[in-house]
Amino acid sequence: MNIVKGVADLLRKSTPSSPAAASGGGAGGGGAGGGGGGDGSPSADKLAAAPSPRVRFSDSGEEGVLNTLWQKYENAIDKAEKKKSLQVFVLHFIQAFKDWEPHHIDLSVDWESASNDTVLGCSGGHPSEVILILVQEITQLTSFVTEIGSSCPESSANLSEQSTDLGLSTEVLTVLECFTIVTRSVHNCRVFSYYGGVQKVTALLKAAVVKLKTLTSLLAADEQLSNKTVENMRMMQKILVYIVTIISNFMDLEPAATRISRVVSTTVHTPPNKYLATVTPNTTRRYVPDRNWQQKAIVSVMEAGGVNWLVELLRVIRRLNLKEQWTDLSLHFITLYALRSTISENTRAQNHFRSIGGLEVLLDGLGLPSSKFSVSKQSFVPSDERSDILQLQILSLEILREAVFGNVNNLQFLCENGRIHKFANSICWPAFMFQEFNQQKFLDPQVPNWKIDRQSTGTSATLESFPSPVDILDTTEWNEYSVKLSMALCSFLLPPNEIRYCPGATVVTQISLSISLAYWEQCVRWIIKILSTVFPCIKACASDTELPNHIMILANSLQNYMLCTFRKVLISAPVLLKSFREEGLWDLIFSEKFFYFGSSEECIHHIVGDTQSDHLIDAAESTGSKSNLADVNVLQSEAISFLEFAATLNENTNNLPECSALLNALEYCTNGPGLVGAILKSFHVILQLATEQTLASFKSLDVLARVLKVACLQAQELRKLNCRDDLSGNGSQPENVLMPSLDERIKNTRRCVELAFHLFKEYVTISDHGRTLVLHNANCIGCLFDLFQEENLRKHVLEQVLALYRLPPLSSQDHAAKLQLCAKYLETFTRAKEKEKDFAELSIDLLVNMREIILIDRVYYQNLFRNGECFLHVVSLLNGTFDEAVGEQLVLNVLQTLTELLAENDESKATFRMLVGVGYQTLQSLLLDFCKWLPSRKLLDALLGMLVDGTFEIDEKTTIKNEDVIILFLNVLQKHFASALWACGLTAIAQGVHYK
C-alpha cells in the first residue's frame, strides 16, 4: 500500500538505509521459533548499523536474568530448542517490564556504559538484537494469518468449517504483547523502524483485518454461525488490539493516560487489566528530544498503508455492530486513538484521510451503534457498556474534529449531501433514545405503577425495577457526557484547551491561531446549521414549556458552551459577525427553541461544577449576580450579554441586526419583568458604548416607540398587581402565601417601567434630533401620556413633554405634530377624571404645566390649544364633587388657566363666549354649583385677573379687557351680598379698573 508515499515527502527527512529488505531473518526470515529464512541470529553488520546508542542488559537483578535467558537463546542450535528459549525469554521480559516507564537516553549524561556508544541497563530502551528478533516473529505471524485467509473455499459452509482451524497460539500473542512494551520508548521505536518493523506490523494489520472481514462476511450467508467461528472472530479482534496498540505507541506522543481512559470489562474476551496497564502505563508523556520524530513515524505508517487499514478496520467494526455481533470495545478505542495520532495537525494526512473515506467512517461512528440500542429491541445493555458506547461517540467526535480542524476541504465534505442533518441526528441519538424509552414506559399499560420522578437527582428506583433497553443514566454521568459532547462540538472552532464555560462578565482574551479565516467562517456556518437542526428537535420533546430533565441538561450544556465559544471567536475574528448574521444566529438564540428553555443556576452548577475537570470552572458564583432578577435564567443572561457584546464591537459599524434581535426579544417577553429589565439594561449599555451606530439603529427600528409600548404594558401589569396587593392586604388572600413573590414582582415591574423611561430620556438627551423624532412619532406621544398615569413617573413625563413644546416649529409638519401633542395633552384631563382617584391633584399639575407651556409662545399655543378644544376640557374639570381645600385649588387653577388662554386673544375669547355663552353663563353656573361654601378672596382675585387678562393690582389702574367677566364676577359676588367680600369686590372694580 504505497498510495500515500507522496503525501509526506516534504515531511520526511533522510534516514539511514534500513536492512529490512536485506537477506536473512530481518526481511523474510522466520527467526527463532519460526522456521524462517535464516538462522534467527542477528548479524554483526545489522547490529552495528542500528540506531545508537546500543543498549545492553545489565548483569544484575531481573535484567541479569533476562541477559542469561537471551544468551541461552542465542547459543541454542536446534530450532525447537531455540523457539522454546525465546518463549521463555519473552514471558520473563513481559513480567519484568510490564510497568516500565522509559527515560530519554542522553549520552551527555554519565550513564553506566560499556563503551562510548553502548548503554548498560534498559532505562531508556532495549537491546537492538532483541527488537530484531521480535520483528522477525511478526513476519512469521503475518505469513500464518495470510495463508489461512487466502485459502478461500468454494462454499460458505466450507469456509465456516475451515475457519475453525485458526489456531492463534499463545506464544505469538505474547510476542505482540512484548512489542506493546517495546514501543513505549522512542529509542526502541527508531530501532523498530530501522529493521522494517512498520512495514511488517502493517502487513500483519492488513492480514488480520482481511481475515476479520472474511469472517464477518459469513454473517450474510449463515446467521447461525458455529461457536468456533464466533470464537475465531473474537480472537482475531484480540490480536488486532495488540497490533493497533503497537502502531499507536509508535506514533503517539500524547499522555498515555488519555489513550484508554478506563478498562472495558464487558466480556471475558476483553484484554485483562494487566494488558491495558501494559498499553497505558502511568506515565505523563514520552520525552522526545527530536520533535520531528513523531512526523517521521506518522509518515512511515502512512507510507506502509497503516492508515488505510485502520479505517478499514473501523468499517468492519461498524458492520459487526450493525449485525449485532460482539465487538471488542478496547479495539474500537485504540483504533480511534491510533487514527488521531496520524491526522492531528497534519493537513496532508487530513486530505489523505478524506480520500480513503475516513470522514464518512467517523461520521457513521457517531450514530446509533446497533439496533439493539433501539427501544423496540427489548435487550438489556449493561451500564458499563452503555457508558463505553457514549465515550466512543465522544472520541469519534473528537477525532473527526482532528480530521477537519483547519482544513476547509474536509469541513466542506461535512457540509454536503445531507451530512449536516446526519451529524446533528448522530450526536443527539442518546438523548432522544432515552426520551423515546421514557415515553414508551409511560404509555405502556402493561408496566405497573410507572411514574417519572422529575425531582430525582439520580437514578430513579422505579426505572430500575423494570427491564429496559438501557439503564437509566444518573445525573452525574449524564452531565459529564453532555459537557464532553458540547466541548467536542466547540472544538471544531477552537483548540480544546481554549474551551471552557466563561460567563459574560468573564474577561476573554483574543486567541491567536494559525488556521485560516476561511475555515473559521465555514465552521461557524456549519455549527450554526447543526444547532438550527438540533434545537427544533429538542423543542419538540417539550411538554408545554418543560423539557425532560436529561434533555434539558444536554440543551443547557450545548447552549452555554456554544455561546462562550462564539464570543471567543468573535473577539478573535470580528469579521465573522457577518457570517453569524447571515446564518441567522440571532434568530436562533432568541427563539423559542433556544432562548426560552434556559438553565437555572443550579443546572449550570451541575453542568460546570460536577465534572470536576481541570478545564472546567465552577460558575455558580460568577453567574449568581446575573441571575438575581426574577424570571431571568443563566442562559438568557448569557445570550443577552453575547448580543450586547456583538452590538458594541469596535468593528461593528451597523448594529441594526443586533438591536433588532434584542428588540424582538423585548417585545416577546413582556410577561417577565425581570427579563424585560435585563434587556433594557443591555440597551443602555449598547447606547453608551456604541452611541453613533445605536442612534441610527434606534431611528430605523422605531425603538423608542416600541420600548415605551413595552413600558406601558408593564405599567398596566403594575396596576393589576397593585390591585391584587390591595386585596391581599384586605384579607382576601391567605396571609404569607402570595405576599413575598407578589411584592418582588411589583418591585421588578416598577423597575422595568423606570428603565424603559430612562432609556427614552437617555436617547433624546444624546441625540441631536431625538426630541424632534419623538414629536413626529404619534406612538411615542401616546405612550408618554399613558405613562403619565404612573405617579412615580408623572413629574419626569411632564418634563419631557415640556421639552417637546419648547422645540421651535420650523415646518408645517412640526406644526401638525404640535397640534397633535396639544390634543393628547388635553385628552389627559378626561382620562385622569375617569381613572384616577386623585383626579383633582393631577388636574392641578396639568393646569400649572399648561400655563407654563403657553408662556413659551403665548399666541401660538393659545391658538393650538383652542384648535384642540381646550376650553371644553378645562371647564369640564369643574364637574364633580371635591372637598373644600382641593376644590378651591382646582377652581383657582381653572380660572388662571382660562385667563392665560384668553389673554390678548380676541379669537379665543370669541370661541370661549360661543361655548359658555355671553357673560360666561355656563361657567357661572359651574362656579356657583361648585362653590357651595363662601368664595374666598383668592377666587375673587382670580376672576379679577381674568377680567384684565392678567394679574389684578388694586393700587394700579387696570383696563378691563374681557367684558364678559364683569357679569360673571358680579353674579358670583352677589351670592354673598351680606359678606365683607361684597364691599371689597365693588371697591376693587370702582378703584382698580376702567374700560378700555
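Two residues are taken to be in contact when heavy atoms lie within 4.5 Å. The model described here is predicted.

By this criterion, a contact is formed between two helices, H40 (residues 884-902) and H42 (residues 921-930). Gly887, Val891, Leu895 and Leu898 of H40 meet Leu923, Leu927 and Phe930 of H42. The residues of this contact comprise 6 nonpolar, 1 polar and no charged. Two packed helices are described by the angle between their axes and the distance between the axes. The axes of H40 and H42 come within 11 Å and cross at roughly 160°. Angles over 145 degrees count as roughly antiparallel, and H40 and H42 are therefore roughly antiparallel to each other. The crossing in which H40 passes H42 is left-handed.

Helix H11 (residues 292-303) contains 12 residues and spans 17 Å from its first C-alpha to its last, close to the 16 Å expected at 1.5 Å a residue. Of the 12 residues of H11, 9 are buried, so the helix is largely enclosed by the rest of the structure. Among the buried residues are Trp293, Ile298 and Met302, as well as Gln294 and Glu303. Just after H11, a positive phi of about 85° is found at Gly305.

A buried residue also occurs in a loop. Ala76 is placed between helix H2 (61-75) and helix H3 (79-97). The relative accessible area of Ala76 is 9%; because buried means under 20%, Ala76 is classed as buried. Apart from neighbours within four places in sequence, Ala76 is in contact with Glu81, Lys82 and Ser85. Ala76 and Leu86, 10 residues apart in sequence, have C-alpha atoms 9.8 Å apart in space.

Technical notes
Residues are numbered from 1 along each chain as its sequence is written. This is a predicted model: local features need pLDDT of at least 70, side-chain atom pairs count only at pLDDT 80 or more; totals for chains, interfaces and linings use all residues. Side-chain values use heavy atoms; hydrogens and water are left out. Helices (H or I, at least four residues) and strands (E, at least two) are DSSP runs, numbered from the N terminus. Buried means under 20% relative accessible area, exposed over 50%, partly exposed in between (1.4 Å probe, protein chains only). The expected span of a helix is 1.5 Å times one less than its number of residues. Axes are lines fitted to C-alpha atoms, for helices over the stretch in contact, and angles run from 0 to 180 degrees between N-to-C directions. Angles under 35 degrees count as roughly parallel, over 145 as roughly antiparallel, 65 to 115 as roughly perpendicular and the rest as oblique. A crossing is left-handed if the near helix is turned anticlockwise from the far one by less than a right angle, and right-handed if clockwise. Ala, Val, Leu, Ile, Met, Phe, Trp, Tyr, Cys and Pro count as nonpolar, Asp, Glu, Lys and Arg as charged, and the others, Gly among them, as polar.
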